[in-house]
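Reader: I would like to learn how to read the features of a model like this one. Could we go through it together?

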Amino acid sequence: MSDEGTKWVKEKDGIYWPTEKMKEKAFVSDPEIYKEAKENPKKFWEQKAKELIDWFVEDWDEIQKWDPPFFKWFEGGKTNLSYNCVDRHIEDKKNKPAIVWEPEPVDEEQRILTYGDLHEEVQKFANVLKELGVEKGDAVTFWMPMIPETAIAALACQRIGAWHSIVYTAFSPEAVRKRMDDAGSDILITADGFYRRGKVVELKDNINEALDKVGADKCLVVNRADADPEMVDGRDHFLEDVKDGVEASCEPEELDAEDIGFLLYTSGTTGKPKGVKHSVGGYLVQAALTMKWVFDFHEDDMFFSTADIGWITGHTYTLYGPLIHGGTTLWYEGSPDHPNLERWWEIIEENEVNQFYTAPTALRMLIKHGKDLPDKYDLSTLRVLGSVGEPIDPETWQWYFEKVGGGRCPIVDTYWQTETGGILLTSLPGMGPFVPGVAGVPLPPVNYDILDKDGEPVDKGAVVIKKPFSPGMLRGVYKNPDKYKEEYWSRYGDRIYFSGDEGIKTEYEVGGQRLLKIVGRMDDLLEVAGHRLGTAEIEDAVQMVDEVAEVAVVGKPHDVKGEVPALFTILVDGAEPSEELKKKIVKSVRQEVGPVATPGEIFFVEECPETESGKVIRRFLRSLLEDEELGDMRTAKNPDCLRDLAEKVGYEGPQDIPDYNC
C-alpha cells in the first residue's frame, strides 16, 4: 500500500481507513472536529469565512439570521466571487495555470490559462457585458459547452454582480427558452458549436427559434467550431467583434454577502423547473471549505471534475472551488469514450491529475466496455477519488478503488444537491471510514437526520437537515417563495429541510455520528446518468403528441445510467401503437426537455393503476419494472389493470397477480 493511500482493515472486512501518512497530510484528521463544530456552529462558520475568503470589510453585522424557513449568513459582509477566484492570486500566482483545457479533437492543442490570463480575460468580458447593457442583478443565460470562455463569462458575471443562469447543452432549445422566460433574461451567451463524439453540435443555429420566441435583446456568440451560424443583425454578436478594443480593466463590485450570485434551474415535481437562488457570500464560504476538506485540495494540485458547467457540480467543483484556492482545474470538452474508452485515463496521466471527480454512471459505462483499460496508464499521481450524482454501488466502488486508484486513494462518495450548493455528506480523506456503497457522515457542523413520516428519528426514512444549516444552502426559488416553502419546508414544518431523498443509518460511525447510505429519490424525480429530471416535465413533453391521452413516467433500472425514463402511455381513441409513434414521442421529449431525458422504454397501455382520486400509483409501476413485491394491490381503484401491465413489461417478481375481473 502507498503511504498516500488507504489500507485494508482486516478485522472489519470491506472497510477502509486512512494511513498515518494520509492523516498527516490531510487538512482534517481528528474526529473531535465534529463535536467542536456542533457545540458552536456559528463560531465555526465565522472562523472559516475569515480564514478562507477575502472580504472588502473587516466584519459583518450578524453571522446568521434565522426567520424560518428563511435565513441569512454574514449579513453586512461584502465580497466578490470573481475577486476571490482570480484577483487575490495575481500577486504570487500570475504565471501559474488556472484552467487547463482539453479539447475533444485529439489533434487540437491544449489551452492553458494562467491566473494572469484569466484576470485579463475576465475583466474584458465584464466590460463586454456592460457594453451590452448588463447590470448588477440582471439574469444572463448561458447555453455553453465546456470551453474556457464559459468559465471567463461566469466569472465576468460574478465580477459585475449579474446572475448567471447556466443551462446544460444537452437540454433542448425549448428548455432554454422556458428558463430564460422564467428568469426574465433577455441576453443569451452561447457558442457557434462544440465537439461531441467527433461531430459538431451547432448550438447557435439550434437556438435561433427559441431566441425569437423569448424576445431576446442580445445574443453573444463564441466562435468555437467555425460552424458559420445564422446571425440576426442588431441582436447577435460574435464575442471577438465586440471584445476588440475593450479595456482589460474592470474593478469587482463589492457585493453584499446576501446578494444573489447565480440561478440554477433544477427539475421539480411539477412540470416547471425551479430557479434555485444561491447567495454570494454563503455559497463562497461553503465552496471553499468543502473543496479544501473533502478533496484534500492543496494549491499545487491539479483537479479534474468531469461535471459539465450546466450542473451544480460543474459550478462548485469544476469552476469555482479549485480557483478559490489558487489551484488548477482541468476542463474537458468532450465525451469519455471518444475517440476511445481510454480518453480520461490519457488525460489523467498526461496532466498528472491529483483528484478525480466523476459520476457512477460514467464509471459503469467504462467498466462495461473497458474495465482493464486503466491498467495501461500511470495514474499514480491520483491522491483522492470522488463520486457524485447518485449512490455508487459497491461493485463499481471496488473497481474504481482498485483499477483507477490502484488501491491507494480514498473514495469520497459525496451526497448533496443543487439546493445545498456544495457537498454536505461524505467521509473525509484524512478520517474515513470508507465503506463501499455508503456515503458517509454530515460535514461539520451540518445536522443531517433520518425521519419517519411523523418526524421521529428512525434508521430508514426521509433524509432531512436540521439547524444548523450550511451557509451555502439555497436562498429561495426565484419569484416563487411559496414553492420554496412547499417543496423544502412543509413536510416537517418550517424548521426542518426535507431533501426528498431516502436514507439509511448504517452501523459504521466516526466522530460519534453514524454513516448514512443514500437510497434514492422519494418523490417523482428521476436520476438519469446522475442528472435530476422531473417526471412532470417529461410527461408534459409526451402529451404534446396528438395521439397521447395520458402518460405516467417512472424510472426503470439501467446498468449504466442508473435509471432511464419508462413511459406508460395511454392513447386517444382511434390512435394505434406503432414504432413510428414511439419515434414521434421520443422526438418530442428530446425537443422539449433534451436528449438526456430520452425514454428507455415506451409501453402503450389501456390504463394505469390509480387512487380513488385519480392519481396514478407510480410505486406499482416501479415495482413491476423492478420485479419487486407490489404489496396490497387493492389500494388501487382499478387493480385489474396490473395483470395486463405485468404481462406487458415482462414482470417476473415474487408476487402472483390475481385476475381481479373474476
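Reader: How many salt bridges does the structure hold?

Author: The structure holds 47 salt bridges, a salt bridge being a side-chain nitrogen of Lys or Arg within 4 Å of a carboxyl oxygen of Asp or Glu. The general idea is that side chains of opposite charge can pair when their charged atoms come close. Before we look at cases, note that this is a predicted model, where local features need pLDDT of at least 70, side-chain atom pairs count only at pLDDT 80 or more, and totals for chains, interfaces and linings use all residues. Residues are numbered from 1 along each chain as its sequence is written, and side-chain values use heavy atoms, with hydrogens and water left out.

Reader: Which residue forms a salt bridge with Glu-51?

Author: That partner is Lys-292, and the closest N and O atoms are 3.8 Å apart. Glu-51 lies in helix α3 (residues 41–52) and Lys-292 in helix α11 (residues 281–294), so this pair ties together parts that are 241 residues apart in sequence. Helices here are DSSP runs of H or I with at least four residues, strands are runs of E with at least two, and both are numbered from the N terminus.

Reader: Is Lys-292 buried or exposed?

Author: Lys-292 is buried, with a relative accessible area of 16%, while Glu-51 is partly exposed at 48%. Buried means under 20% relative accessible area, exposed means over 50%, and partly exposed is in between (1.4 Å probe, protein chains only).

Reader: Which helix holds both Glu-240 and Lys-243?

Author: Both lie in helix α10 (residues 239–243), three residues apart, about one turn of the helix. The side chains of Glu-240 and Lys-243 meet in a salt bridge of 3.9 Å, N to O. Glu-240 counts as exposed at 52% relative accessibility, and Lys-243 counts as buried at 15%. Elsewhere, salt bridges that share partners join Glu-174, Arg-177, Glu-209 and Lys-213 into one network.

Reader: Let us turn to strands. Which way do the residues of strand β21 point?

Author: In a regular strand the side chains alternate between the two faces of the sheet. In strand β21 (residues 384–387), Val-384 and Gly-386 point one way and Leu-385 and Ser-387 the other, and all are buried. Strand β20 (residues 355–358) runs parallel to β21, and four bridges join the two; strands pair if DSSP finds at least two bridges between them. Gln-355 stands opposite Val-384 in β21.

Reader: Which residues of helix α15 are buried?

Author: In helix α15 (residues 394–404), the buried residues are Thr-396, Trp-397, Trp-399, Tyr-400, Phe-401 and Val-404. Gly-406 follows α15 and has a positive phi, near 60°.

Reader: Backbone angles next, please. What is phi of Asp-228?

Author: Phi of Asp-228 is near 55°, a positive value in a residue other than glycine. Asp-228 lies in the loop between β13 (218–222) and β14 (236–238), and counts as exposed at 68% relative accessibility. Phi of Asp-627 is also positive, near 55°. Asp-627 is found in the loop between α19 (618–625) and α20 (641–649), and counts as partly exposed at 32%.

Reader: Where should I look for cis peptide bonds, and what is omega from Pro-444 to Pro-445?

Author: The peptide bond from Pro-444 to Pro-445 is cis, with omega near -10°. Pro-445 is in the loop between β24 (441–442) and β25 (447–451). A cis peptide bond also joins Lys-467 and Pro-468, with omega about 10°. Pro-468 is found in the loop between β26 (460–466) and β27 (476–477).
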